[in-house]
Amino acid sequence: MHTVHFHAMGCQMMAAVDSTHPAAQARLDQAPAWFETWEQRLSRFRPDSELSQVNRSSGKAQPVSSVLAEVVQAALAARRESEGLVDPLVLNALEAAGYDRSFDQIADLAQDGCAPQGVETALTQQERGISNPAASLHLDTHRRTLTLPVGARLDLGGIAKGWAADRAAQRLGKTAPALVDAGGDIAVSGPQANGRPWPVGVANPFDPDRPLDLLLLYRGGVATSGRDYRRWQQNGAWQHHIIDPRSARPAASDVLSVSVIAPSARLAEAAAKTVLILGSQAGLRWLDARPQLAGLLVLEDSQILPSRLWHNHIWRN
Amino acid sequence: MTTITKAKIMTKQRPENGAPGLRLLITTTSIVATLGGWALLTYNQSGASSAASQADPLVQMMDLAPIPTLIAPPGQAAQAFAPSQVDQAAPSFNQPAAPRLRSVPVPVTTTRSSR
C-alpha cells in the first residue's frame, strides 16, 4: 500500500492506494496538486480564489468554473436533503461568530491571548444572508452562472472537503483500490485489493488516542462533524463553526460529535452536520428514517448513541 | 554354308532389333528422368516445406510436441512438488495461524471532526 500525506483546505490530508503498480503510485503523487487546484477554486480564505471573487459580486450572475458549479450543486443538494439545515450561505454568520480567518490563524491568536473579534451583535439575520436563502441563490447549470442573494456569501468548507475526498478517491480508484481522508471526511473507491473492507477508526472526542469503534468500509464514505475541535471563545462564550440557519448562530446542540456512514463522503458530511444541528433525539430519528445512513453520536455528557444500522458496519470480535 | 548363312542372317537381325542408338536413347532417357525427378523432389521439399507444414495436416503432425510420457523431466517434477513449498504454505504445529476474521484490523485512518 502506498500513501501520501499533505496539508490542504486547512486540514491534514491522506490518500492511499492498495497497489504497488507504478501507475497507481504515479497517480497518487498527483493527489496534492488536485487538492491545490480545488482549493484555489473553493477557498474562502484566499482573496484571489474563484469563490472569493463570486462572494464579492453578490446580486449579479457570475460565470463559474465546472468545479465551483459542481460543488455549489452538491451544496444545494445538501440543503434539500437536510431540509434547509445545511446551508452554504452561512459565511456572514460564521464571520459574525468569529470564524473570520483560517482556523490555524485563530488558534495562533488564541495562543497569543487574543480572541477573534467578529461582529456578532451587529448583524441582523437578514444581513447574515440566510433569512430566505432559497429565494435568490441561483445556479444556472446550462450557462454555468451563479447568482448570490445581495449581500450574501458562500462558505463551501465542509461540502468541499467531502466532495474533494469523493472525487480524489474516484480518480485514484481508476488504477487501484483507494482511500482518501480529507481532514476526517473519508471516501473509499471500493474494497481493498484482497476484497476486504477498509478498516477506519472513529475518534473519541474525549480521548483521541482510543477510537470508539472500528468501521469496515467497502465503499462510500464516512465523515465526522463536531464542535470538539474548531471552537473558540468570543466575548467569554464558546463558539463553533457549525451554524444553525434557523438562528444564524452556532448550533446549540447536546451532540458533541457525530460520525455518519453514507454512500459518499459528501453525503456523510452533510448528514453528520444535520444530525449535530438537530440534536440527539431528533438526529437519531432522522438517521433511522434513512436506510442508506448509519451514525454514532457522542453527547456532551459523554453518552454514546448508535443509530439503528450502525452495528452493521463495525468490526466485531 | 547354309548354316553359316543362317547364322549370319540371325546375327544381322539382332542388331536390327537392339540398335545401339535405341539403347542409348532408352538409357539416357531413364537417367535423365531419374535425375530430373530427384531434382524436382528436392526442390519441392526445400522450397515449399514451411508452407506445406502449415497447410497440410499430415505435415503439421510432424511438428507436434512430443507425446507426453508418464515420467516428467526431472527439473519439472522437483519444482511442482517441492517439499519446501508445501511446508511453507501449511501452518506449522508450533505456530497455528489465527483465523483472519478474528484478528483486529489495523485502521488505515480515523474519522474525526475537521482538523
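1. Lys273(A) has its place in helix α8 of chain A. Lys273(A) counts as buried because its relative accessible area is 18%, and the cut-off for burial is under 20%. Apart from neighbours within four places in sequence, the residues in contact with Lys273(A) are Val86(A), Gly158(A), Ser225(A) and Ile242(A).

2. A salt bridge between distant parts of chain A. Glu81(A) pairs with Arg266(A), and their closest N and O atoms are 3.2 Å apart. This pair links distant parts of the chain: Glu81(A) belongs to helix α4 (residues 66-81) and Arg266(A) to helix α8 (residues 265-278), 185 residues apart.

3. A network of charged side chains. Glu39(A) forms a salt bridge with Arg46(A), in which the closest N and O atoms lie 3.6 Å apart. Glu39(A) is buried, its relative accessible area being 12%. Through salt bridges that share partners, Glu36(A), Glu39(A) and Arg46(A) are joined into one network. Over all chains, the count comes to 11 salt bridges.

4. The loop residue Met9(A). Met9(A) sits in the loop between strands β1 (2-8) and β2 (11-17) of chain A. With a relative accessible area of 14%, Met9(A) is buried. Not counting residues up to four places away in sequence, Met9(A) touches Phe35(A), Trp38(A), Glu39(A), Ala160(A), Lys161(A) and Ala164(A). Glu39(A), one of these contacts, is also the salt-bridge partner of Arg46(A). The C-alpha atoms of Met9(A) and Ile159(A) are separated by 11 Å, although the two residues stand 150 residues apart along the chain.

5. The largest pocket. Its volume is about 670 Å³. Which residues lie nearest the centre of the largest pocket? They are Asp155(A), Leu156(A), Gly157(A), Gly158(A) and Lys161(A), out of a lining of 41 residues. Among the residues named here, Gly158(A) is also in contact with Lys273(A), and Lys161(A) is touched by Met9(A). The elements of chain A that give two or more residues to this lining are α2 (31-42), α4, α6 (103-111), α7 (157-172), β10 (220-226) and α8. The largest share, 5 residues, comes from α7(A). By class, the lining of the largest pocket divides into 20 nonpolar, 10 polar and 11 charged residues.

6. The second largest pocket. This pocket has a volume of about 540 Å³. A set of 24 residues lines the second largest pocket, and nearest its centre lie Arg196(A), Pro197(A), Leu216(A), Tyr218(A) and Pro105(B). The lining of the second largest pocket comprises 15 nonpolar, 6 polar and 3 charged residues.

7. Confidence in chain B. The mean pLDDT of chain B is 56, and 30% of its residues reach 70 or more. Where in chain B is confidence lowest, and where is it highest? The lowest mean, 37, belongs to helix α6 (residues 83-89) of chain B, and the highest, 95, to strand β1 (residues 109-111) of chain B. Where pLDDT is low, the predicted coordinates should not be read in detail.

8. Confidence in the complex. For the complex, the predictor gives an ipTM of 0.84 and a pTM of 0.71.

How values were computed:
Residues are numbered from 1 along each chain as its sequence is written. Chains are lettered from A and ligands numbered from 1 in the order in which they are written. This is a predicted model: local features need pLDDT of at least 70, side-chain atom pairs count only at pLDDT 80 or more; totals for chains, interfaces and linings use all residues. Side-chain values use heavy atoms; hydrogens and water are left out. pLDDT is the predictor's confidence in each residue, from 0 to 100. Helices (H or I, at least four residues) and strands (E, at least two) are DSSP runs, numbered from the N terminus. A salt bridge is a side-chain nitrogen of Lys or Arg within 4 Å of a carboxyl oxygen of Asp or Glu. Buried means under 20% relative accessible area, exposed over 50%, partly exposed in between (1.4 Å probe, protein chains only). Contact means heavy atoms within 4.5 Å. On a 1 Å grid over the protein atoms alone, a cavity is a set of points where a 1.4 Å probe fits but cannot get out, and a pocket is an open set with protein on both sides within 12 Å along at least five of seven lines; lining residues have an atom within 4 Å of a point. Grid points are joined across faces, edges and corners, and a volume is the space filled by probe spheres set on the points. Ala, Val, Leu, Ile, Met, Phe, Trp, Tyr, Cys and Pro count as nonpolar, Asp, Glu, Lys and Arg as charged, and the others, Gly among them, as polar.
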